[in-house]
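Please examine the structure shown here with attention to its helices and its aromatic rings.

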Amino acid sequence: MNKRQILLKQLENYDKKNLSHLSEEELTNIFNEINKERVLNFVAYNSGIKSTKVANIDEVEQKIKSEIANSQNFYDTFYQLLQKHAFNSIYDIALNVVDSKLVEKILFILEIKYREYQEILLEEIASRMELMPAEEAAGFISFIEQKREDVEFLKNILLELKDSEIGTNINKITNIKKYIISNFMPEDLEDEYKDFFAHSDDKKELILRLKNISNAYSKKQLNDMTKEDLIDILASIKQKEIEEKKDKEDYDKYLALFKKALYEDDTFSFNTIVMQVLEDISQDCLKNLKLTLKNEDPLFESKFQSAQKEWQKFK
């Protein structure tokens, strides 16, 4: 991919499309104009400044240009720049500064260092969770993982955690919360700390058992369930299996008995069987029996209803 192609791709990211007919110079001019309009997200976290005033943008941009242009080691240069400035800003400036022949290689190095810096930030944030209860830390780390692409957000979180007063307060609050829930609301523990319990051995075993017998639930649905939910579903499935087994046994048993009574034209036996099935079998099983036996004897339904009325009187 040459510089022109990279410019076109980057401009598409800024919702500037259908520009392939323009020259590289024209594309560069549009690109530079967009950058002048955008407020660069330079964040000086060590000084607690969340954004840089527009009046300082040119000055900071020139400083980044200078560091890239004079770099002897792009790996080190980009790592240092990423700690102070936003990835998109560095990317845009590098695209302008670097020679066309080297631009693809240099941007690839920037991407590598960006991914590396992401992991460093995530690891350092996780390391500062050690004083939190493990249940609280699991949820916080899960949330942070979802924000991994927002490196500026990660920088800000890490800065706050480095503040000893903020860190102490966070740890104090989370420990108190865990104490209250554990001692006074133990039934809410799993709901409150889903991310922690989602990775427990007990839950993993329950999920595996459910997956082995049913494909009705997605991975997300299973992870969102509590252990109690999983146990209830497994118990429900087991109960259904027991009921289905009994239905099959009842169907085979009473089908044979009804056929015998119909064949022998034994009204007493027939009525006795009706009383038994009304007491003993499920409605689904009874429905299937009736459907089958109607084909054996067109009068089966009327005979059954007559016997059922007698049973109701007797009952």
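Predicted model: local features only at pLDDT ≥ 70, side-chain atom pairs only at ≥ 80, totals over all residues.

Residues are numbered from 1 along each chain as its sequence is written, and side-chain values use heavy atoms, with hydrogens and water left out.

Helix α5 covers residues 87-97, and eight of its 11 residues are buried. Buried means under 20% relative accessible area, calculated with a 1.4 Å probe on protein chains only. Helices are DSSP runs of H or I with at least four residues, numbered from the N terminus. Among the buried residues of α5 are Phe-87, Tyr-91 and Leu-95.

The structure holds 10 aromatic pairs. Rings of Phe, Tyr and Trp (its six-membered ring) pair if their centres lie within 6.5 Å; planes under 30 degrees apart count as stacked, over 60 as edge-to-face and the rest as tilted. The rings of Phe-87 and Tyr-114 have centres 4.3 Å apart and planes at 35°, so this pair is tilted. Because Phe-87 lies in helix α5 and Tyr-114 in helix α6 (residues 103-127), the pair ties together parts that are 27 residues apart in sequence. Phe-87 is buried, with a relative accessible area of 14%, and Tyr-114 is buried at 7%.

Phe-300 and Phe-304 also form a tilted pair, because their ring centres are 5.8 Å apart and their planes stand at 40°. These two residues are four residues apart in helix α17 (residues 300-314), so about one helical turn separates them. Ring pairs link Phe-258, Phe-270, Phe-300 and Phe-304 into a cluster.

Conventions
Buried < 20%, exposed > 50% of the residue type's maximum accessible area, 1.4 Å probe, protein only.
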